[in-house]
Amino acid sequence: MKTKQLSIFLENKSGRLTEVTEVLGKAGVNLSAMSIADNSDFGILRCIVSDPDKAYQVLKEAHFAVKITDVIGFVCPNVSGSLAVVLKHLSENGVFIEYMYSFANGDVATVVIRPTDLDACEKILSDKKVELMAANDLYQL
């Protein structure tokens with residue numbers, strides 16, 4: 001259930017995020033989820049898109065520094081403590097989460113994680129009956 005995520009490196013200057021969204025929009029690529037982390041010099045836009053391979057291509061052609069990384073998406077109830085239960089399964093089994101982003105919609109929360117060990121993470125979540133999201137489902141949010 002691995003999903004391709006784009007990581008786009010952006011200079012911290014006005015208009016760079018707009019440029020990314022314009023390039024993707026003109027190519028017909030939809031943003032499903034995104035997160036931005038920054039420091040004083042640059043930011044990293046991490047995003048799930050409708051067509052990661054096409055997005056990678058058009059961003060490279062537009063001279064953006066971009067890479068594709070595998071992540072795992074899952075769904076948990078949108079209630080207090082439910083995410084803690086899932087994360088505890090992983091931490092008890094030695095899986096470290098490099099980063100995570102999520103969003104809630106009604107009764108469920110969709111979570112995207114980048115674990116240090118994708119295969120172990122996927123197995124643990126499957127064994128614990130956590131609802132993993134197929135890549136196509138994440139691409140079409």
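This is a predicted model: local features need pLDDT of at least 70, side-chain atom pairs count only at pLDDT 80 or more; totals for chains, interfaces and linings use all residues.
Buried area, as I use the term here, is the accessible area (1.4 Å probe) that two parts lose on being put together, summed over both.

Entry on the division of the chain. I looked up the domain bounds and found the protein chain divided into domain 1 (2-69) and domain 2 (71-139), with the C-alpha centres of domain 1 and domain 2 lying 23 Å apart. To the contact between them, domain 1 contributes 16 residues and domain 2 contributes 13 residues.

Entry on the interface. For the area buried between domain 1 and domain 2 I recorded about 1,300 Å², of which 56% comes from carbon and sulfur atoms. I then searched for polar pairings and noted eight residue pairs in polar contact across the interface of domain 1 and domain 2, along with one salt bridge across that interface. I also looked up D119 and K2, whose side chains meet in a salt bridge at 2.6 Å, N to O.

Entry on the domain 1 side. I listed β1 (2-11), β2 (31-38) and β3 (42-49) as the elements that give two or more residues to the side of domain 1 that touches domain 2, and β1 gives the most, with five residues.

Entry on the annotation. The unreviewed UniProt entry carries the annotation "domain: ACT" over residues 5-82. Over residues 5-82 I recorded 28% helix and 46% strand, with the end C-alpha atoms 24 Å apart.

Methods: Residues are numbered from 1 along each chain as its sequence is written. Side-chain values use heavy atoms; hydrogens and water are left out. UniProt positions are given in the numbering used here, feature names are shortened, and annotations may be inferred rather than shown by experiment. Helices (H or I, at least four residues) and strands (E, at least two) are DSSP runs, numbered from the N terminus. Domain bounds come from an automatic or database domain assignment. Contact means heavy atoms within 4.5 Å. A salt bridge is a side-chain nitrogen of Lys or Arg within 4 Å of a carboxyl oxygen of Asp or Glu. A polar contact is a pair of N or O atoms within 3.5 Å; within protein, one must be able to donate a hydrogen and the other to accept it, and residues adjacent in sequence count only if both atoms are side-chain atoms.
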